[in-house]
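Hi,

Here is the structure I promised to pass on. Have a look at it first, and then read on for what turned up in it.

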Amino acid sequence: MEKTRKAGGKNQKTAYLFILPSMIVLTVFVFVPLVSAFIISLMNMDLYMNGISFAGLDNYLKMFQDARVLNATKNTLVFTVIEVPVQILLALILTMFMQKNTKLHKFLRASFYIPYVCSMTAISILWSMLLNSNSGMLAYLLKKAGVIMPNLMSNPTYAMAVIVMVTVWRNFGYTLTIITAATLDIPYSLYEAADLDGATGLKKFMYITVPSIKQTIGFCAVTTFILAFQAFDQIYVMTGGGPQHKTETLVSYIYDRGFRTEHDLGYASAISVYLFIIIAIITICMRKYIGRKEEQA
């Protein structure tokens, strides 16, 4: 018994040593900045650390009276509500046609994953050049066909749709890879039984594949939601939050107030805490809902 306890204690120490590097990284780059943001949100502080004073809840009260915060919140929600389902749905549709582990399917999955490896900034620059109405390749080809392409990124009607399209194009390969990996673990005997019953490919996918990977779809939904709520690179590069603040999200507004225009770190930190609370609440609700559905299944 004593030997078992000693072995267990030694294994625990070894386990802690393995997770120590990750905990150090999380502490330095996640926990410390999070606590710092909360502290700074209670201060009057600019980017150059001049005139530092205690503000209490003034930054939060000011935030709820700021029309641009409300607008950025709405834009963030619109972007997330459209981008996340489209990305997951596209990944599911492609998974239906690439479920087998053949060489062709492996090649296609690798091809779709390549954009996700690339920087979002580089992807955004690429699409900005392609969609430029004056010198872009797409505008040139449409002009040859007799169609004049509008400047999509400066049009309030189309700008957000373009941002969503670029984000989905770049990120869906990540979701596709995870979902496809989950489908490969489904016992093939289930599909053989469905074949004997005369089930079509669509029915097999809907009644065997999708129910078998519900946990994976839930994981993708949560992680994709968190990433979508923090969208910044593509907006900063392609539209800068315009036109008329139609694509300005909470993260881009935080950057604008903290580092670009007023250099007000206290106010920007208050909006950051507000964003963190929104993400935390919705993530917890999503996890509880997904967990309840899994228990019912």
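What volume does the largest pocket have? About 740 Å³. Do keep in mind that this is a predicted model, not an experimental one.

Let me stay with that pocket for a moment. Its lining is made up of 22 residues, and those closest to the pocket centre are Pro33, Leu34, Ala37, Gln230 and Ser272. H13 gives the most, with ten residues. If you want to find the place on screen, bring up Pro33, Leu34 and Ala37, which are among the residues closest to the centre of the largest pocket.

Now for the chain as a whole. It has 297 residues, and 39% of them count as buried. There are 13 helices and two strands. The C-alpha trace spans about 80 × 75 × 30 Å along its principal axes. If you take the contacts between residues at least 6 apart in sequence, 69% of them join residues at least 24 apart.

As for the surface, the accessible area of the chain comes to about 17800 Å², and carbon and sulfur atoms account for 68% of that. On the charge side, I get 25 positive and 16 negative side chains, with the centres of the two sets 7 Å apart.

The residues that line the largest cavity are Gln87, Tyr116, Asn171, Tyr174, Thr224 and Leu227. Helix H7 (159-183) and helix H10 (214-229) each supply at least two residues of that lining.

Asn171 is found in helix H7. Is Asn171 buried or exposed? Asn171 counts as buried, because its relative accessibility is 11% and the cut-off for buried is under 20%. Leaving out residues up to four places away in sequence, Asn171 touches Glu83, Gln87, Tyr116 and Met120.

- Thr73 sits in helix H3 (residues 67-97). Thr73 is buried, with a relative accessible area of 11%. Apart from its neighbours within four places in sequence, Thr73 is in contact with Leu250 and Tyr274. Thr73 and Ile213 are 140 residues apart in sequence, and their C-alpha atoms are 32 Å apart in space.
- Met23 lies in helix H1 (residues 2-41). With a relative accessible area of 37%, Met23 is partly exposed, because that value falls between the 20% and 50% cut-offs. Met23 and Lys103 are 80 residues apart along the chain, and 39 Å separates their C-alpha atoms.

That is everything from my side. Over to you!

Cheers

Key
Residues numbered from 1 in each chain as written. Predicted model: local features only at pLDDT ≥ 70, side-chain atom pairs only at ≥ 80, totals over all residues. Heavy atoms only, no water. Helix = DSSP H or I, 4+ residues; strand = E, 2+ residues; numbered from the N terminus. Buried < 20%, exposed > 50% of the residue type's maximum accessible area, 1.4 Å probe, protein only. Contact = heavy atoms within 4.5 Å. Areas by Shrake-Rupley, 256 points an atom, 1.4 Å probe, with all protein chains shown as cover. Lys, Arg positive; Asp, Glu negative; His and termini not counted. Charge placed at Lys NZ, Arg CZ, Asp CG, Glu CD. 1 Å grid on protein atoms, 1.4 Å probe; cavity = no way out; pocket = protein on both sides within 12 Å on 5 of 7 lines; lining within 4 Å. Points joined across faces, edges and corners; volume = space filled by probe spheres on them.
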